[in-house]
Every structure is written in structure tokens, then in C-alpha cells.
Amino acid sequence: MPEHCAAYCFGNRQTIANRGRGITFHKFPKDKDMRKKWEVALRREGFTASESSVICSEHSGKGQDYVYFQKS
């Protein structure tokens, strides 16, 4: 089953077509502090990432709101 980007404003799905367009998907970090920063950066009230939550490349590191999506 395709996974959806956790940023609900785009809703990109992990499909062959999106992969062909160059969209990649990234799991949330396992480190609790970094994961929390990613969750906050999404600005989704009440959102908590699960083990299967992903963020697409259209949201991971392109905008000023997503500076925490860079892994340190």
C-alpha cells in the first residue's frame, strides 16, 4: 500500500509515478528529539509520527519552515 506524505497540504503518495518525477520519501528519525522537531515543523496540530510515517522530498529541506528536516 502506498505511503502518504505526512505534510497534508500536498498529500504526495509513494508511487512509481512520483518516483519517476524525482519525488523521494524519507522516514522520520528514530532519535526522539529530532523526530519531535520534524513533527513540530509540519505544523499539524496533534500529529505524532508513527514508525511508518514519511515526508516527501517536496517538504524535506526546501523551505524555511522545514529547516529541522536536515539530519545532523
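Entry 1. I looked up the contacts of Asn18 and found that, not counting residues up to four places away in sequence, Asn18 touches Asn12, Arg13 and Ile23. I note at the outset that the model is predicted. Asn18 is placed in helix H1. I checked its accessibility next: Asn18 has a relative accessibility of 9% and therefore counts as buried, the limit being under 20%. I also took a C-alpha separation: Asn18 and Cys56 are 38 residues apart along the chain, and their C-alpha atoms are separated by 9.9 Å.

Entry 2. I turned to Asn12, one of the residues that Asn18 touches. Asn12 lies in the segment before helix H1, which spans 16-20. Is Asn12 buried or exposed? I found Asn12 buried, with a relative accessible area of 10%. I then listed its contacts, leaving aside neighbours within four places in sequence: Glu3, His4, Cys5, Asn18, Ile23, Phe25, Cys56 and Glu58. I noted that Cys5 and Cys56 are both in this list.

Entry 3. I searched for disulfides and recorded zero in the structure. Cys5 is buried at a relative accessible area of 6%, and Cys56 is buried at 0%.

Entry 4. I moved to Ser53, which is found in the loop between helix H2 (32-42) and strand E2 (54-56). Its relative accessibility is 12%, and I recorded Ser53 as buried. Which residues does Ser53 contact, leaving aside its neighbours within four places in sequence? I listed His26, Lys27, Phe28 and Phe47. I then examined the side chain of Ser53: one of its polar atoms lies 2.8 Å from the backbone nitrogen of Ser50. Finally, I took the C-alpha separation of Ser53 and Ala6, which is 6.4 Å, with the two residues 47 apart along the chain.

Terms used: Residues are numbered from 1 along each chain as its sequence is written. This is a predicted model: local features need pLDDT of at least 70, side-chain atom pairs count only at pLDDT 80 or more; totals for chains, interfaces and linings use all residues. Side-chain values use heavy atoms; hydrogens and water are left out. A disulfide is a pair of cysteine sulfur atoms within 2.5 Å. Buried means under 20% relative accessible area, exposed over 50%, partly exposed in between (1.4 Å probe, protein chains only). Helices (H or I, at least four residues) and strands (E, at least two) are DSSP runs, numbered from the N terminus. Contact means heavy atoms within 4.5 Å. A polar contact is a pair of N or O atoms within 3.5 Å; within protein, one must be able to donate a hydrogen and the other to accept it, and residues adjacent in sequence count only if both atoms are side-chain atoms.
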